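Open the model in your viewer and keep the selection tool at hand. This tour goes stop by stop.

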Amino acid sequence: MDHHRSHNQSAYKRRRDDSGSGNKHFRPNHHQSGPSRQENPVSSQALSTRRELYEKDFPVYKQPVEVGCFSLDSERRFFNDNRQMRYYVEPDRNPNFDLRDGYKDRFIKRDDSVKEKLDHILRWILANRSKLMSRMTTALSCAIDLDFVTWRGHLTKLLTTPYETREGWMLAVTRFRGTLYISEVETEAARRERDNRTERHEEMMYWGYKFEQYACTDNVQSLPDPSGVVNTNEAFCTVVQTRLADHKLLFSGEVDCRDKDPNAPAPPACYVELKTSAEICTPKQRSNLHRFKLLKWWAQSFLPGVPRVVAGFRDHDGVVVSVETFHISKISHLIKNEYNCWKPTVCMNFCCDFLSFVKRVVTEDNPGVVYLFSWEPHRDVTYSVHRDSQYSFLPHWYVEEMTRSQDSHRQC
């Protein structure tokens, strides 16, 4: 987002996209040295992540629309409803919440070695596919009218890539019935990190969930109950549809809670994201919050149209000493005085060009074929192709049901 433009007046700008060609971003090798060269994008093998290439006008990003939601219960079972929705109860400014409470005796942790891939989103699609059918009666089949299906978290990683210096990623992509499905693959470095977390790290991960318990309630009338069990299997997820330039997107993301005011706007504008962070005692710490954490907070909430983040700032012992609200539409103004800071326009343009790159590369429409896109900091994005491999992620039950239902509606 160009700080000299008026993007901070509204979260979404319907600006005419001028990034359609962008051939200079597609480069045929892994190396970053030397000037970017014009290449035929169809034969390009790599995508540059150099920030300066993406300092263009903010791309068109259509206001996200919630088309549905789903819930995951305490045993991670899928329900096509909002039973896990929680309501936000604003804490005092200095609440003194003890985030360590319950870690030893009232905590059920989801097994994060189990990789669910896109399964929950796919279950939602099967239950709601009539909402997604193409209105183009001349189409070869009544396929879902989408370019991409993925998790919000995968898109967040794309948005932050031009500024990420530590963690790479791998994204598996399969084209099926014209739609591109994107599912993350755990990198070897991420697996090692997961296997070698310290007890302190594990407990600090719990603190974020505990803060939610202090600030959320199950219904509008009640108050939060921090004496209960924290079970990280439970989740409420929004499903939103939007468009980035010419890319039609459907993605889902977990939502912490919603505004309990009955006059609050419709979802996703009533949703609230909750975060914890170390307390800020110096200007340098405030600057670091702006330069690093706010990038991820902004990207995560901007994508689905969640308008605000409430942050609990905690001391070294896990006690929340202050609470602050960050409005997503104002974050670009907050960071504008930081030297060499991140720019929302770079994030969105890179994501847009990555999706264009994927569309050009992923040509075979086959649920058994995976195009694996890989990236490491300071490198280009590259890809490899895998047929009937360990990377395949579209389950048989989804492929069979979508094939059966779409074949039966070819005459629609």
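Two strands count as paired when DSSP finds at least two bridges between them. Helices (H or I, at least four residues) and strands (E, at least two) are DSSP runs, numbered from the N terminus. The model is predicted: local features need pLDDT of at least 70, side-chain atom pairs count only at pLDDT 80 or more, and totals for chains, interfaces and linings use all residues. Residues are numbered from 1 along each chain as its sequence is written, and side-chain values use heavy atoms, with hydrogens and water left out.

**Whole chain**

Show everything as cartoon. The protein has 8 helices and 20 strands. Now think about contacts, that is, heavy atoms within 4.5 Å. Among those between residues at least 6 apart in sequence, 71% join residues at least 24 apart.

**The open sheet**

Select β6, β18, β17, β16, β15, β5 and β11. These 7 strands form an open sheet in that order, with mixed pairing. β6 (97-98) and β11 are the edge strands, each pairing on one side only. Zoom in on β6. It pairs with β18 (residues 319-327) in the antiparallel sense over 2 bridges. Asp-98 sits opposite Val-319 of β18.

**Helices across the sheet**

**β13 and its partners**

Which strands pair with β13 in the antiparallel sense? Select β3 (residues 65-72): β3 and β13 share 7 bridges. Then select β14 (residues 247-254): β13 and β14 share 8 bridges. β13 is mostly covered, with 8 of its 10 residues buried. Follow β13 into β14. They form a hairpin with 2 residues between them, and Ala-245 in the turn has a positive phi of about 55°.

**Pro-64**

Select Pro-64, in the loop between β2 (46-47) and β3. Pro-64 counts as buried because its relative accessibility is 4%. Draw a distance to Val-239: the two C-alpha atoms are 9.7 Å apart, though 175 residues separate them along the chain.

Finish here. A pocket is an open set of points on a 1 Å grid over the protein atoms alone, where a 1.4 Å probe fits, with protein on both sides within 12 Å along at least five of seven lines; lining residues have an atom within 4 Å of a point. Select Arg-86, Gln-213, Asp-218, Val-229 and Glu-234: of the 24 lining residues, these lie nearest the centre of the second largest pocket. α4 gives the most to this lining, with 3 residues.

Note on methods. Buried < 20%, exposed > 50% of the residue type's maximum accessible area, 1.4 Å probe, protein only.
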